[in-house]
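Reader: Could you take me through the aromatic pairs in this one? I'd like a close look at that single part, in plain words please.

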Amino acid sequence: MKRSRAIAGAAALAVAGIATMASATSATAAPKAAAYNGACGSGYSVVNSVPVTGKGTVYLTYSAKTGKNCVVTVRNSPGKRVSMYTYITATDGSSDWVYDSGQYTSYAGPVYLPGKGICVDWGGSIESVSVSVSGSNCGRMAAGVVTHH
């Protein structure tokens with residue numbers, strides 16, 4: 001119970017911080033963060049995300065109906081084709097890597113992996129900036145370890 005209260009408190013602080021940042025004005029506004037674009041299809045909800053610094057966001061989604069995870073890497077500002085990559089695999093090595101890479105205008109993916117009851121490694125890249133998350137989403141409390149490259 002203590003852990004869930006701590007997480008709820010941290011979430012409230014994060015929301016308050018985001019609200020504060022949203023209300024602040026600046027002469028040099030940061031690029032608008034990429035929103036999840038629904039590329040995984042209906043029934044998939046965002047369960048985790050990580051920013052690709054200054055470029056976009058990688059989203060991990062899950063469908064309780066299918067028991068599958070889905071990952072998509074989304075650019076902050078769609079435009080000319082750039083090198084993009086997105087991937088997912090089981091942390092324990094029980095699955096092959098599922099990935100999508102190429103020259104894209106707005107997003108890479110979606111890629112899918114059955115994920116019920118397993119930890120996953122996932123991430124993506126936009127141009128030369130990449131991020132990966134290891135050992136995440138094993139259950140409700142497993143955030144995983146984020147690595148920026």
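Author: Going by ring centres within 6.5 Å for Phe, Tyr and Trp (its six-membered ring), the count comes to five aromatic pairs. Take Tyr-44 and Tyr-112: their rings sit 5.7 Å apart, centre to centre, with 65° between the planes, and that makes the pair edge-to-face (planes over 60 degrees apart; under 30 is stacked, and the rest are tilted). Tyr-44 is in the loop between helix H1 (2–23) and strand E1 (45–52), while Tyr-112 is in strand E6, so this pair ties together parts 68 residues apart in sequence. Helices (H or I, at least four residues) and strands (E, at least two) are DSSP runs, numbered from the N terminus. Tyr-44 is buried, at 13% relative accessible area, whereas Tyr-112 counts as partly exposed at 31%. Buried means under 20%, exposed over 50% and partly exposed in between, with a 1.4 Å probe and protein chains only.

Then there's Tyr-85 with Tyr-87, a tilted pair: 5.9 Å centre to centre and 35° between the planes. Tyr-85 is partly exposed at 26%, but Tyr-87 is buried at 8%. Both belong to a cluster that ring pairs build from Tyr-85, Tyr-87, Trp-97 and Tyr-99.

A word on where this comes from: the model is predicted, so local features need pLDDT of at least 70 and side-chain atom pairs count only at pLDDT 80 or more, while totals for chains, interfaces and linings use all residues. Residues are numbered from 1 along each chain as its sequence is written, and side-chain values use heavy atoms, leaving out hydrogens and water.
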